[in-house]
Amino acid sequence: MRGLIFDVDGTLVSLKVDGEKLRTTTKRELARAGFDVSFMDGVNLHTQEIIDRARQQVESGSVKIEFEPFQTALFAALDELEMDWNALAEPIEGTAEVLDRLRSANVKLATLTNSGRGPSDWLLKRHDLRRHFDFTLTRDDVAALKPSPDGLLKAVRMMGLPKGEVIYVGDSVIDVKAAKGAG
């Protein structure tokens, strides 16, 4: 193993994400923009699944907006939530020491998170973790969020390593799905 890619929330730092508030905020922003949000009722969809379904409404012509500016506005609303949660986050015990050992062993290190650039950078800098990583990727840097493998594949390319020499460390089902999808 010559490279490690880490999820951030729940992997490097303890974080209490309010999933219901995330869903409510996302649903509110979609409804404000004119999307039919009934597809969110009674089901627990990942953020990328919600984005994909909203994009389909634009592509079908049932919602008459430009999708990219809407997505930017949605992500800004999510950034606000993440900043509130990040203010309470703490590094998981031993994280810095493990990252120091990996770095001294010349292992390439990166992060991949579904959080936004602003909240992620703020969190990693606040706890002096950013210095350990060659680069960080957020939802602002990838075409599709996890569980899509796109971010992991981009990170592996940026590391310049064969994917068989890279390990992904995460804490959720979407992390497992992304890793399996990336091979």
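Reader: At what angle do α1 and α3 pack?
Author: About 155°, with their axes 10 Å apart. Axes are lines fitted to C-alpha atoms, for helices over the stretch in contact, and angles run from 0 to 180 degrees between N-to-C directions. Helix α3 covers residues 67-86. Helices (H or I, at least four residues) and strands (E, at least two) are DSSP runs, numbered from the N terminus.

Reader: Before we go on, what kind of model is this?
Author: A predicted one: local features need pLDDT of at least 70, side-chain atom pairs count only at pLDDT 80 or more, and totals for chains, interfaces and linings use all residues. Residues are numbered from 1 along each chain as its sequence is written, and side-chain values use heavy atoms, with hydrogens and water left out.

Reader: OK. Are α1 and α3 roughly parallel or antiparallel?
Author: Roughly antiparallel. The cut-offs: under 35 degrees is roughly parallel, over 145 roughly antiparallel, 65 to 115 roughly perpendicular, and the rest oblique.

Reader: Which residues of α1 and α3 meet?
Author: From α1, K21, L22, T25, T26, E29 and L30. They meet F70, L74, A77, L78, L81 and W85 of α3. Contact means heavy atoms within 4.5 Å. By class, this contact has 8 nonpolar, 2 polar and 2 charged residues. Ala, Val, Leu, Ile, Met, Phe, Trp, Tyr, Cys and Pro count as nonpolar, Asp, Glu, Lys and Arg as charged, and the others, Gly among them, as polar.

Reader: And α3 with α5, how do the axes cross?
Author: At roughly 15°, coming within 9 Å. That makes α3 and α5 roughly parallel.

Reader: Who meets whom there?
Author: D79, E82, M83 and N86 in α3 meet G118, P119, S120, W122, L123 and R126 in α5.

Reader: Switching to charges. How many salt bridges in the whole structure?
Author: The search finds 15. A salt bridge is a side-chain nitrogen of Lys or Arg within 4 Å of a carboxyl oxygen of Asp or Glu.

Reader: Give me one. What does K27 pair with?
Author: D41, with the closest N and O atoms 2.4 Å apart. K27 is in helix α1 (residues 19-32) and D41 in the loop between α1 and α2 (47-59), so the pair ties together parts 14 residues apart in sequence.

Reader: Which salt bridges does R131 make?
Author: One is with D100, at 3.5 Å, N to O. That pair links distant parts of the chain: D100 is in helix α4 (residues 95-104), R131 in the loop between α5 (117-126) and β5 (135-137), 31 residues apart. R131 also forms a salt bridge with D128, the closest N and O atoms being 2.9 Å apart. D128 is partly exposed, at 43% relative accessibility.

Reader: Last topic. Where is D141?
Author: In the loop between β5 and α6 (150-159). D141 counts as partly exposed, at 25% relative accessibility.

Reader: What is D141 in contact with?
Author: R117, T136 and K154, leaving aside neighbours within four places in sequence.

Terms used: Buried means under 20% relative accessible area, exposed over 50%, partly exposed in between (1.4 Å probe, protein chains only).
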